[in-house]
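Subject: Handing over the model

Hi there,

Here is the structure I promised to pass on. Please open it first, and then read my notes below alongside it.

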Amino acid sequence: MATRRSHQKSRHGCSNCKRRKVKCDETRPCCQNCTQRNDTCVYISPVPFVFAGKPEKPGRSSSKTARGAKPSTEGGSSEISSHAVNNYISVLGTTTAAAPLNLDHLELELQWIMHTHKLFARNEETRKVWEIPVLQEALHTPFLMHGILAISALHLAHIRQYERQTEWLNIAIVHKSTALALFSEQLHHIDESNARAMMSFAGIAVVFSFASALICSNSDEGPSLEALADILILARGIQTVVGQAKEFLRHSNFAPLFDVTNPEVAVPDDVLRALDHLERLNAQYGQQPDIQGGKSYEPAIRSMKELAPFTYAGPTSLTVVGGWAIRSSPEFLEGLKNREPFSLVILAHFCVFLHITRENWCIGSWGRIVLGEILQILDADWQCHIKWAVAQVLR
């Protein structure tokens with residue numbers, strides 16, 4: 001008695017063949033029947049596309065049906081051949097592998113989008129740059145992504161003091177260390193391909209340095225004069241990055257970051273008088289060859305004066321903190337490194353702006369602690385020049 005030749009049934013043929021009730025060869029993107037009839041071939045099911053390949057013939061399956069599993073009632077093999085699966089993986093790469101989700105990373109990215117990016121904004125236009133374009137740069141720049149995860153983890157460690165704080169802090173430190181290593185490798189190879197990422201990360205690194213010192217303040221890495229000098233040197237690196245790709249950055253989607261328009265806000269008279277006093281001191285000591293520094297400190301004083309309105313427009317804004325830091329001249333940083341008295345006087349005035357910004361979780365007690373150290377270092381002849389700063393911060 002002749003046996004009927006078995007055939008594979010399929011539920012994945014094109015819609016035309018199903019409507020005409022004819023067998024579809026399931027060739028993608030257009031089956032043979034539709035090609036011959038010059039019809040538009042439409043597939044509803046994606047399965048044949050995902051697992052491309054013909055089922056193996058009976059008796060040649062590479063694996064047996066799992067014990068206890070019921071045979072397919074739809075006809076054909078109850079299992080997909082390993083060859084077909086490997087075929088698909090080789091075409092689409094690791095996207096088909098069910099890699100475990102790193103939920104901490106997802107939470108940190110959400111934290112960046114919802115909250116942390118706002119730390120770096122001075123207005124709505126700059127906020128939009130930090131929110132999405134910076135994150136987009138991070139998608140193909142590992143050091144920037146590690147930087148975003150690091151500062152977001154640090155933010156969570158701050159706001160969740162009784163929920164995984166130590167764990168978030170450890171995560172932040174690991175990402176920061178990884179980011180710095182990768183970032184350092186590209187410092188001497190800055191071009192249009194990485195300028196935006198380099199600039200973004202440099203800003204994140206500065207804020208991270210301020211904030212991490214506060215959260216780890218029970219160690220030797222808390223706020224201090226030496227730590228602030230190190231942060232200013234680090235911030236100077238932003239200016240180096242911007243300088244090497246300045247024109248490109250100014251005409252890119254990062255352009256709003258360079259539009260520094262002073263807010264229309266009045267700066268208190270006592271602040272203006274204090275900064276004017278610094279300018280007179282600079283002119284006076286610049287004429288004395290035995291006094292180190294002198295006129296070389298004029299840019300530091302001028303930029304502090306120019307940025308002052310931003311503090312009074314937004315007392316928790318980091319605009320003055322970051323803006324003044326990246327403008328620090330090499331001469332001023334050298335004087336600070338050598339503890340030159342006039343450089344410490346200028347830094348004491350900067351501590352006032354740090355103190356005004358103390359409600360920002362990244363700044364906190366920085367101004368008070370550093371000014372206290374400066375007061376101890378300066379002798380009586382120089383202490384008279386920081387009376388205003390002491391009155392603002394320490395009394």
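Let me begin with the conventions for helix packing: axes are lines fitted to C-alpha atoms, for helices over the stretch in contact, and angles run from 0 to 180 degrees between N-to-C directions. Helices (H or I, at least four residues) and strands (E, at least two) are DSSP runs, numbered from the N terminus. Please bear in mind that this is a predicted model, in which local features need pLDDT of at least 70 and side-chain atom pairs count only at pLDDT 80 or more, while totals for chains, interfaces and linings use all residues. Residues are numbered from 1 along each chain as its sequence is written, and side-chain values use heavy atoms, with hydrogens and water left out.

The overall picture

The protein has 20 helices and zero strands. Of its 395 residues, 42% are buried (buried means under 20% relative accessible area, exposed over 50%, partly exposed in between, with a 1.4 Å probe and protein chains only). The accessible surface is about 22,200 Å², and carbon and sulfur atoms account for 53% of that; these areas come from the Shrake-Rupley method with a 1.4 Å probe, and for residues only the protein chains shown count as cover. If you take the contacts (heavy atoms within 4.5 Å) between residues at least 6 apart in sequence, 67% of them join residues at least 24 apart.

How do H8 and H9 pack? Helix H8 covers residues 142-159 and helix H9 covers residues 165-185; their axes are 7 Å apart, at an angle of about 155°. H8 and H9 are therefore roughly antiparallel to each other (angles under 35 degrees count as roughly parallel, over 145 as roughly antiparallel, 65 to 115 as roughly perpendicular and the rest as oblique). Their crossing is left-handed, a term for a near helix turned anticlockwise from the far one by less than a right angle, with clockwise giving right-handed. On the H8 side the contact includes Pro142, Phe143, Leu149 and Ala153, and on the H9 side it includes Trp168, Leu169, Ile171 and Phe183. The residues of this contact divide into 15 nonpolar, five polar and one charged (Ala, Val, Leu, Ile, Met, Phe, Trp, Tyr, Cys and Pro count as nonpolar, Asp, Glu, Lys and Arg as charged, and the others, Gly among them, as polar).

H9 also packs on helix H10 (residues 195-215), at about 145° and with 11 Å between the axes. This crossing is left-handed as well. Here Leu169, Ala172, Lys176, Ala179, Leu180 and Phe183 of H9 meet Met198, Phe201, Phe208 and Ile215 of H10. That contact has nine nonpolar residues, no polar ones and one charged.

Ile171 sits in H9 and is buried, with a relative accessible area of 17%. Leaving aside neighbours within four places in sequence, Ile171 touches Asp104, Leu108, Ala153 and Arg164.

Gln111 belongs to helix H5 (residues 103-114). Is Gln111 buried or exposed? Gln111 is buried, with a relative accessible area of 8%. Beyond its neighbours within four places in sequence, Gln111 is in contact with Thr116, Ser152, His155, Leu156 and Ile159.

Two backbone details

Arg164, in the loop between H8 and H9, has a positive phi of about 60° although it is not a glycine. Arg164 is partly exposed, at 32%. Arg339 also has a positive phi, near 60°; this residue lies in the loop between helix H16 (330-337) and helix H17 (341-356), and is partly exposed, at 30%.

One more helix pair

Helix H11 (residues 225-244) and helix H18 (residues 366-377) cross at roughly 115°, and their axes come within 9 Å. That makes H11 roughly perpendicular to H18. Leu225, Ala227, Leu228 and Ile231 of H11 make the contact with Trp366, Val370, Glu373, Ile374 and Ile377 of H18. By class, those residues are eight nonpolar, no polar and one charged.
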